[in-house]
Amino acid sequence: MLHLASKSPRRRELLGRLGLPFGIIDLDIPEERAPGEPAEDYVRRVAREKAGAGLLTVMTNPSAVVLGSDTEVVLDDEVFGKPADAEDAASMLRKLSGRTHQVISAVSLVSQSRELQTVSISDVTFAALTEAQIAGYLAGDEWPGKAGAYAIQGFAETFITRLSGSYTGVMGLPIFETALLLRQFGLEPVPAGSALSVAAR
């Protein structure tokens with residue numbers, strides 16, 4: 001049985017596209033970068049810790065497979081996590097304005113006997129944003145709880161001049177890479193809504 005160790009509705013939606021039944025493990029894992037820890041190593045570690053903590057909650061099921069993921073926005077080695085408030089979000093957007101940043105999304109898949117991990121790194125270029133654009137965006141409800149204070153699948157699409165990498169990775173779960181990991185665990189994705197998907201549920 002597949003389990004998603006995440007409270008993110010975006011990850012639930014994205015994993016659901018793969019047509020596999022899965023349960024939800026609601027966890028609160030500290031996300032704090034260690035001094036001197038490279039950004040990619042940090043994202044990988046958090047994803048691994050989420051998957052590992054999730055596995056501990058379902059250890060009574062020997063066939064359990066747990067997916068943990070973490071996504072962070074990185075600019076000049078600064079990790080932009082979830083903004084604390086609107087002021088913090090505005091500061092992030094000002095720094096991202098007119099620049100190309102990276103979005104690192106790591107996925108860990110673990111069972112009692114195996115552990116695999118993959119990472120997707122995307123380059124996202126923002127247009128130069130005016131203060132009015134930033135204020136207008138923050139007046140909406142898309143930015144809270146989002147790394148870098150924006151959601152690519154929402155109005156922030158109007159800020160992005162170029163994306164090189166994984167659109168779903170920037171959303172929070174790189175679908176192509178996730179499907180590859182699942183196949184290595186013998187979990188074959190199927191089109192959501194297909195007869196196979198329905199039968200699996």
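**Notes on the predicted model**

1. Glu-37 is buried, since its relative accessible area of 12% falls under the 20% cut-off. In this predicted model, Glu-37 sits in the loop between strand S2 (22–25) and H2, and its side chain is joined to that of Arg-45 by a polar contact of 2.8 Å. Once neighbours within four places in sequence are left aside, Glu-37 is in contact with Tyr-42 and Arg-45.

2. Helix H2 itself has the length one would look for: at 1.5 Å a residue, its 19 residues should span 27 Å, and the end C-alpha atoms are 28 Å apart, which agrees. The buried residues of H2 are Ala-39, Tyr-42, Val-43, Val-46, Ala-47, Lys-50, Ala-51, Gly-54 and Leu-55.

3. Lys-50 deserves a separate look, being a charged residue that lies in helix H2 (residues 39–57) and counts as buried because its relative accessibility is 10%. Its side chain makes a polar contact with the side chain of Glu-31, at 3.3 Å. Not counting residues up to four places away in sequence, Lys-50 touches Ala-5, Arg-11, Leu-27, Ile-29, Glu-31, Gly-68, Ser-69 and Asp-70. The C-alpha atom of Lys-50 is 9.3 Å from that of Pro-30, although the two residues are 20 residues apart along the chain.

4. What is the volume of the largest pocket? The computed value is about 500 Å³, and of the 29 residues that line this pocket, the closest to its centre are Ser-8, Arg-10, Arg-11, Lys-82 and Gly-145. Helix H1 (9–16), strand S3 (65–75) and helix H5 (167–171) each supply at least two residues of the lining, with S3 giving the largest share, four residues. By class, the lining of the largest pocket is made up of twelve nonpolar, seven polar and ten charged residues.

5. Ser-97 is found in the loop between helix H3 (86–96) and strand S5 (100–110), where it counts as buried because its relative accessibility is 18%, a value under the 20% cut-off. The side chain of Ser-97 reaches the backbone nitrogen of Leu-129 at 2.7 Å. Leaving aside neighbours within four places in sequence, the residues in contact with Ser-97 are Phe-126, Ala-127, Ala-128 and Leu-129.

6. Ala-149 lies in the loop between helix H4 (131–138) and strand S7 (160–164).

Terms used
Residues are numbered from 1 along each chain as its sequence is written. This is a predicted model: local features need pLDDT of at least 70, side-chain atom pairs count only at pLDDT 80 or more; totals for chains, interfaces and linings use all residues. Side-chain values use heavy atoms; hydrogens and water are left out. On a 1 Å grid over the protein atoms alone, a cavity is a set of points where a 1.4 Å probe fits but cannot get out, and a pocket is an open set with protein on both sides within 12 Å along at least five of seven lines; lining residues have an atom within 4 Å of a point. Grid points are joined across faces, edges and corners, and a volume is the space filled by probe spheres set on the points. Buried means under 20% relative accessible area, exposed over 50%, partly exposed in between (1.4 Å probe, protein chains only). Contact means heavy atoms within 4.5 Å. A polar contact is a pair of N or O atoms within 3.5 Å; within protein, one must be able to donate a hydrogen and the other to accept it, and residues adjacent in sequence count only if both atoms are side-chain atoms. The expected span of a helix is 1.5 Å times one less than its number of residues.
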